[in-house]
Amino acid sequence: MTPVSVTVNGTTHELDVPPRLLLADLLRDELGLTGTKIGCAMGACGACTVLVDGEPVRSCLMFAVQADGRAVRTVEDLAGASGELHPLQAALREHHGLQCGYCTPGMLMAITPLLESGQPLEREDVREAIAGNLCRCTGYETIVDAVVEESRR
Amino acid sequence: MTDWQAHAERRWAGKRLQRLEDPGMLTGATRYVTDVRLPRMLELAFVRSHAPSARIVSVDLKPARAVPGVRAVLGSADVADVQPTVDIVHLDGALKTPRFTLPGDRVRYVGEPVAAVLADDRYAAEDGADAVIVELEPLGEDEPIHDDIPGGRYFHQAAAHGDVDAAFRQARHVVRRRLHAQRVVTAPLETCGIVADYDTATGELTCYLSTQQPHLARAGLAEAVGLPVSDIRIICPAMGGGFGGKEVILPEYLCAAVAAIRLRRPVRWVEDRSEALTAGAHGKEAEAELEAALDDDGRILAMRSRFVSDTGAYSSGIGAYVEFMVGAFTVPGLYDLGAYAYDTGGVVSHKAPISPFRGVGMTTSQTLREVLLDDAARALGTDRMELRRRNMVADGPWRTVLGEEYEPGSWRTAFERALELIDYDAFLVRQAAARGEGRLLGIGVSPFVEAAGIGSAGGAGGLPGGSHDNATVAIDLSGHITVALPTFSHGQGHRTTAAQLVADMFGVAPEDVRVIDGDTARTPFGMGTFGSRSAVFIAGTVDRAGELVRDKLLRVGEILLEAAREDLELVDGTVGVRGVPSRRIPLASVAGAAHFAPHVRAELGDPTLTATAFFDPPRPTHSNGTIAATVEVDPGTGGVAIDRIVVVEDCGTMVNPMIVEGQIRGGVAQGVGLALLERYVYDESGQPQTTTLAEYLLPRATDMPRIEIEHIETPSENGTGGIKGMAEGPASATPAALACAVLDAIAPHGASIEELPLRPETIAAALASR
């Protein structure tokens, strides 16, 4: 077991974890934050994307111990305290940018830094930003629509 | 029988209502099977065959038992009392191969499970699986895959409708084409999974399961593990996609269930992606040929088809039958063939068993037919669209050469509108100019029809596709309405769609309707969600059950308001006198009176405000449309850039156009994958080569063009409220549009291709060979 101190969605957790425990499993199994999904466990689908110190990271490719001393942000942090949707979440809903919902948390976390940069986005920007996030349901275009529109709001 | 469109007002149905299921999914609150954690739960991992065909010499489980965290290990002998799975499909002459949960004598494909390890967490379970020592003796190629399937062909059917041979003898032109439709994987983002929990006090087995068919899964599990159906409860919390791949009882599920019963502890197995790609829900592989006899005017006199599906190591599952049967039956499409003969069947191989996959069979038949029609037009020197016009049936009802009765559709209207939208004539001018510059532009057009809501009468075509459903509608003491459905939404937004329909029936808001699915303890029996059926069956069952409850509410209203039935309405959560807002009673009070007011109860006789009703459409519903695509092929690399994809879709009356468009977009994206990217590869020795998502290419955001959509609404004659159902047509028709477009682009070079996907290297090689 290895001690790890990680701040997740603003709360610092001091834990002892096996060195091989993946960050995704720490979030899901140890902290109960099951919004982060695992789709491939090898970094190819993007479903497990979270923010580590503000940057999108595949939590299935990072060990929990590598998150020691760092700040992790997950999908659970996006909506307001009383449940009101983050503007990006609301935009995805409005544009029908999700169907089964399984890729959605990773998609949201991949897009969040781009959107929070405050720049108006072009369609190609968004396509590139989510090119590593697989969705089998939507065909992506409604996600692109939602993000472009939200970036210009 | 009533029509929901006739209810007071159509306030909600037809609207682009934002989905009720979205907030949970967007915030990460929605639970999937993989998110279910129970106290004392063990995780399961499998030891799998690394050989495509081998005799099992020995499986030494002992080393696994010594691994820290491992609690139990199951081998073949431990699950010998589990019944082999043989599905419910009955076809005369089919040779069914029973599939044992953990085979003890031999393995037939790479990835076949041979032992199961249960541990405190998945990490330890995989350690345990790695420690199991499996000794396999490879078997030679001459060893039959199954002793009782000589030659490997487990099913064959051939039939001729009309005098096909005479038509071919008289024909002035005969065109032929073969197509190898590749093996693919269904690849929902959520893989398969189960959490099995046995209650030793009640003897009930609860399984949280990722399945499209909760009630059929319950029956299948019950039979395999030897429990009465009523002792099993299937709960599907939420499901991250299915696409046909979650219609199967996997041996892994049976292991989990048996282990939970034996060990008295909850057991979870979540398929990882490499398991899913190696041994999970594959789909679609077929070798097909089609030939057409035509006269000088380009009229089709007859067609002949041949389909052989390689469905993998076992012929027990439904996936082993639907691909080649639906393929052969859907060749006529929207054309008057005159006469048609097919020869179809399936063979086993040392590959993972295939399951149904969206657009089952249709993808191959549609692609082959449309590409062949383009060939015919080129052979006759006729415009490709003009050749289609000469053979396409007129809008309206149609009886195919196979005897299938299409309800009225906008076959030609959708086709012509798609040509207008893509501006076919202008494209030909641009294409000719581009060719002068050495650029390869192409256009492909794919008109489709899709049998969606198939009831008992629809099974007559040869596949036992008969189906029917029930739904329950109830009103509680708070005046809220609950709808319980045996279908199971896994991305299709059924909760929203059903709530829209029910809201209109009861004069309430969709948010006041709770829709329950995915739980056999809380929903009535039905077939589940597959084959574009759910909209038709939800509308049909909910309308009938809702009408029975409405009738009760209005009866109470008559008593309480002392008004005649024809003067009453359900509006804004009340029963009221039409046009008199002061004389309205909230539904909660109506429900309360039915249960607790003696005079009301006495008049009603039975105060139950719950009804379950059955629906089986008299004939299948048929949606239709046309996909048109333009592409540019890079003459150097063979790369295909999609320029435009236009979809004209007619699924009858739409309940939520936004959801319909979502199904179109997602279907087209899967079609892009099938046409250009996706390909599951085994090497010559039977070893899988595409076992990660780095090797198996799914469409990404950067692969997708914008999709332009236009709707036509030709109300159904067979589906309640004019609803036809949809979701597979665009998926199965897109590869044809893209294949026609690519082949059009390279046709001037005399090049052609007879396999999917149309990969850059294949295209470049075809161009270079000329």
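My entries on sheets and helices follow.

I'm working from a predicted model, where local features need pLDDT of at least 70, side-chain atom pairs count only at pLDDT 80 or more, and totals for chains, interfaces and linings use all residues. Residues are numbered from 1 along each chain as its sequence is written, while chains are lettered from A and ligands numbered from 1 in the order in which they are written.

Terms: helices (H or I, at least four residues) and strands (E, at least two) are DSSP runs numbered from the N terminus, and two strands pair if DSSP finds at least two bridges between them. Contact means C-beta atoms, placed from the backbone, within 7 Å. Angles run from 0 to 180 degrees between N-to-C directions, with axes fitted to C-alpha atoms, for helices over the stretch in contact.

I traced an open sheet of 7 strands in chain B, ordered β3-β5-β1-β13-β10-β11-β12, with mixed pairing. At its edges I found β3 (70-74) and β12 (232-235) of chain B, each pairing on one side only.

Next I checked β11 (residues 204-209) of chain B, which pairs parallel with β12(B) over 4 bridges. There, C207(B) sits opposite I234(B). Helix α5 (residues 214-225) of chain B lies across both strands, at about 140° to β12(B).

Then I went to β15 (residues 286-294) of chain B. It pairs antiparallel with β8 (residues 173-181) of chain B over 9 bridges, and H180(B) faces E287(B). I also found 9 bridges from β15(B) to β16 (residues 300-310) of chain B, again antiparallel. β15(B) and β16(B) make a hairpin with 5 residues between them, and G298(B) in the turn has a positive phi of about 85°.

Conventions. Two residues are in contact if their C-beta atoms, placed from the backbone, lie within 7 Å.
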